[in-house]
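Thanks for coming. I have one structure to go through today, so let me put it up.

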Amino acid sequence: MFLKKAVLALQALVMGAMLGGHALAGPVVNSGHIESELVAQEAGIAPGGTIYVALRQKIAPGWHTYWRNPGDAGEPTKITWALPEGWSAGDMVWPTPVKTRLGPLLDYAYKGEVLIPVPITAAADAQPGTTLSLTADVFYLVCEQVCIPEQAKLSLLLPVVAGAPAPDPKWGAVIGKVLADAPKPAGLKAVFKLEGQALKLAVTGGPLKGADMAGAYFFPYSPKVIEHAAEQAIERGAEGLTLTLKPGYDFVGGGTPPAELVGVLATKAGAWEVTATAGEALAGASGLGPPPAEAAPGGALTGGLAGALLFAFLGGLILNLMPCVFPVLSMKAASLAGHAHEAPKARLQGLAFLLGVVATFLALAGALLAVRAGGAAVGWGFQLQSPLVIAGLALLMLLVALNMSGVFEIGTSVQGVGAGASAKGGVSGAFFTGALAVVVAAPCTAPFMAGALGYALTQPPVIALGVFLALALGFAAPFVAVTFIPGALKLLPRPGGWMEVLKKGLAFPMYGAALWLVWVFAQQAGPIALGQLLVAGVLAAFGAWLYGLAQARRAVGKGSAVSMILGLLAVVGALALAAASALSAKPPVAAAEASTPSGPGLTAEAWSPEKVQALQAEGRPILVDFTAAWCVTCQVNEKVALSGPKVAEAFKAQNAVLLKADWTNRDPVIAKALADFGRVGVPLYLVYPKSGGEPVILPQLLTEGMVIEAIEKAGS
């Protein structure tokens with residue numbers, strides 16, 4: 001025991017001599033875009049005393065981290081302490097953030113250098129003369145156009161002193177200023193009131209009297225009380241000011257309105273912590289300055305939820321032009337042709353199609369939000385990463401095509417099909433067409449759509465579903481509009497025999513869709529499962545033929561029950577076989593290090609974050625192709641823009657590399673990479689310059705010239 005105490009005493013003397021009475025920071029940790037370290041305000045700490053230890057971060061130019069409320073997107077910095085027994089850490093002291101805008105999003109961030117102090121209290125029985133190690137695991141999100149989660153393990157050696165510790169000669173004054181400038185209560189009076197679509201926040205008190213209120217801004221602690229991106233109009237009063245805010249989810253989105261509105265009021269004169277209670281406007285809080293409409297002309301309409309809704313609607317419109325939807329256009333055309341000259345029925349079909357689109361979009365969105373809430377890394381189009389879903393859709397497309405080819409009919413006899421098509425309302429068929437169009441279109445993301453969905457997945461469920469609803473309305477709008485425009489419908493010929501020919505001709509795009517899904521299934525499930533699915537397809541076709549034969553026999557008054565039952569059993573058996581093949585499928589061996597041909601002379605290598613870093617270290621330009629077999633737009637881009645000999649020559653001339661991130665099957669690493677770029681689906685194309693730095697994002701619809709130009713710029 002004596003020997004142990006002697007060793008500890010000797011260690012204390014050595015460390016004391018080394019520190020010279022000062023705290024000694026551990027090594028500065030560079031996690032990629034941030035240099036982090038722990039620094040102390042005092043040179044030591046007394047037993048039972050409290051000092052401030054600050055997390056100091058030097059952030060790379062153009063990048064930022066996040067405040068305690070990150071705003072529309074992001075994550076706040078978190079610190080997990082490992083302290084000696086009996087020691088404790090208090091709450092982080094957050095300096096006032098700055099606003100940073102990205103498209104419709106507004107975030108609260110830190111740039112350059114930031115110090116976040118934390119009060120550390122020593123154990124009452126801490127022994128003067130000893131030196132203890134404080135350790136902290138720091139987690140943070142650092143963002144530019146993309147976001148990267150990083151972490152650092154930091155340490156600080158802190159001597160325990162007998163008396164009051166002296167300020168640290170290097171960091172004492174710096175941390176002291178951070179603490180002095182940090183927002184804190186200042187005796188301000190504040191109330192808030194919801195007036196229609198406006199949230200009024202009135203603040204008065206000593207620090208505000210006569211202060212410069214230009215550019216005043218309220219940073220709420222809760223992310224759900226206001227729309228961050230909306231302008232905050234200012235009304236200046238003799239004793240303070242009134243801000244007009246756009247209420248957020250807790251007030252107008254289905255949440256619970258708070259009893260208090262807490263946050264930071266930042267002005268040119270300083271920043272203070274504000275706690276507002278519900279009530280009427282305060283005397284002296286307003287009376288000068290322009291009214292809110294003049295102070296913020298249209299501001300609320302250009303960002304936040306309003307901007308996301310607009311982008312989602314535009315993205316839905318453009319989604320109709322994406323290759324994903326082409327197979328279902330045949331069903332739309334065949335359905336519309338039968339009612340072109342019957343306006344009431346055409347409009348009813350349009351509304352049924354709209355209902356099918358909206359219901360399916362919201363169902364998929366709800367499932368996506370539920371799966372993500374459970375912690376799974378999934379994105380838009382996630383359902384097509386399931387071989388079971390792909391197998392079911394392939395058989396469904398095949399049956400739809402056989403129906404359009406006249407092999408069997410649904411809801412009518414073989415005779416009088418032409419007349420029946422014009423006589424029946426087809427409401428259920430229109431609803432089904434809308435649902436199927438969404439299922440097929442779901443893998444694709446259109447321009448404007450990616451940013452809107454990225455915003456939606458950072459919001460509460462009600463707001464997120466609102467964005468998806470806007471997307472559904474945009475997607476359904478063209479077809480619905482045509483059914484309500486008499487002039488457009490009259491351009492089509494009158495119903496007749498040509499309709500049957502058109503219907504059978506338009507079946508072939510559906511056969512093509514079925515073949516495409518079978519190909520996707522092969523990528524996901526391997527050759528054995530593919531063989532089983534092909535057998536299921538033959539069995540389903542046989543069942544459909546038997547069912548159609550029974551319909552024909554019944555039309556001429558002959559027995560048909562046996563054939564009809566056998567046909568239905570064959571179709572059910574086909575579905576069961578397809579399900580079994582999907583559930584027992586073994587995906588092809590992942591080619592993590594393999595290369596795949598992407599065209600004449602151009603080979604794509606498998607993507608990984610480590611691969612990108614290695615190629616950047618070599619100074620080579622990189623094009624990363626985030627793709628999936630079930631994404632038709634991705635496949636079209638690959639054939640049109642990435643497979644030509646000119647592209648291969650450009651890659652060779654610039655010593656560039658094509659990397660493929662294949663998301664056909666679920667991959668949390670790829671899902672996270674997409675999320676880092678604010679995307680929830682594919683395609684995504686990134687071009688990294690040979691000089692290093694962050695990538696350029698290419699449009700979702702590529703041309704060969706666009707790719708060549710991007711590679712040449714990246715290599716110059």
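Predicted model: local features only at pLDDT ≥ 70, side-chain atom pairs only at ≥ 80, totals over all residues.

I start with the packing. The largest nonpolar core has 123 residues, and the members that touch the most others are W87 and F626. Helix α8, residues 387–404, supplies the largest share of this core, with 12 residues. There is also a second, separate core of 29 residues, and L364, V467, F468 and F479 are among its members. As general background, nonpolar side chains in soluble globular proteins tend to be buried together.

What is W87 in contact with, leaving aside its neighbours within four places in sequence? The list is I45, I120, T121, A122, A123, A126, L132, L134, L158 and V160.

Next, the strands around β3. Strand β3 covers residues 34–40, and six of its seven residues are buried. On one side, β3 is joined to strand β2, residues 29–30, by two bridges, and the two run antiparallel. In that pairing N30 stands opposite E35 of β3. β2 and β3 form a hairpin with three residues between them, and G32 in the turn has a positive phi of about 130°. β3 also runs antiparallel to strand β4, residues 50–59, and here seven bridges join them. V39 has A54 in β4 as its bridge partner.

Strand β18, residues 260–267, pairs with β19 in the antiparallel sense over eight bridges. V262 stands opposite T275 in β19. With β13, the sense is parallel: β13 and β19 pair over two bridges. There, F192 stands opposite A278 in β19. Please remember F192, as this residue returns shortly.

Now the aromatic pairs. How many does the structure hold? There are 13 aromatic pairs. I will show two of them.

Y108 sits in strand β9, residues 105–110, and F219 in strand β15, residues 217–220, so the pair ties together parts that are 111 residues apart in sequence. Are these two residues buried or exposed? Y108 has 0% relative accessibility and counts as buried, and F219 is buried too, with a relative accessible area of 4%. The threshold for buried is under 20%, so both values qualify.

The second pair is F192 with F251. The ring centres are 5.9 Å apart and the planes are at 75°, so this pair is edge-to-face as well. F192 lies in strand β13, residues 189–195, and F251 in helix α3, residues 249–252, which puts them 59 residues apart. Both F192 and F251 are buried.

One more item on rings: ring pairs link W67, Y108, Y217, F219 and Y221 into a cluster.

On to the helices. Helix α12, residues 461–483, has 23 residues and reaches 32 Å from its first C-alpha to its last, close to the 33 Å expected at 1.5 Å a residue. α12 has a kink of about 45° at A477, shortly before the proline P478.

Helix α16, residues 527–555, has 29 residues. At 1.5 Å a residue these should span 42 Å, and the end C-alpha atoms are 42 Å apart, so the two values agree. Which residues of α16 are buried? They are A529, L533, A536, G537, A540, G543, A544, L546, G548, A550 and Q551. In general, an α-helix has 3.6 residues a turn, so residues three or four places apart point the same way. After α16 comes G557, with a positive phi near 80°.

Last, the two single residues. T77 is in the loop between β5, 65–71, and β6, 78–82. T77 is buried, at a relative accessible area of 2%. Not counting residues up to four places away in sequence, T77 touches L55, Q57, T65, Y66, M92, W94, V138, F139 and Y140.

A173, in helix α2, residues 172–181, counts as exposed at 65% relative accessibility. A173 and E42 are 131 residues apart in sequence, with 9.6 Å between their C-alpha atoms.

That is the end of my list.

Terms used:
Residues numbered from 1 in each chain as written. Heavy atoms only, no water. Core = buried A, V, L, I, M, F, W, Y, C linked by side-chain atoms within 4.5 Å. Buried < 20%, exposed > 50% of the residue type's maximum accessible area, 1.4 Å probe, protein only. Helix = DSSP H or I, 4+ residues; strand = E, 2+ residues; numbered from the N terminus. Contact = heavy atoms within 4.5 Å. Pairing = 2+ DSSP bridges. Expected span 1.5 Å × (residues − 1). Bend = angle between axes of the 7 residues up to and from the residue. Phe/Tyr/Trp six-rings, centres within 6.5 Å; stacked < 30°, edge-to-face > 60°.
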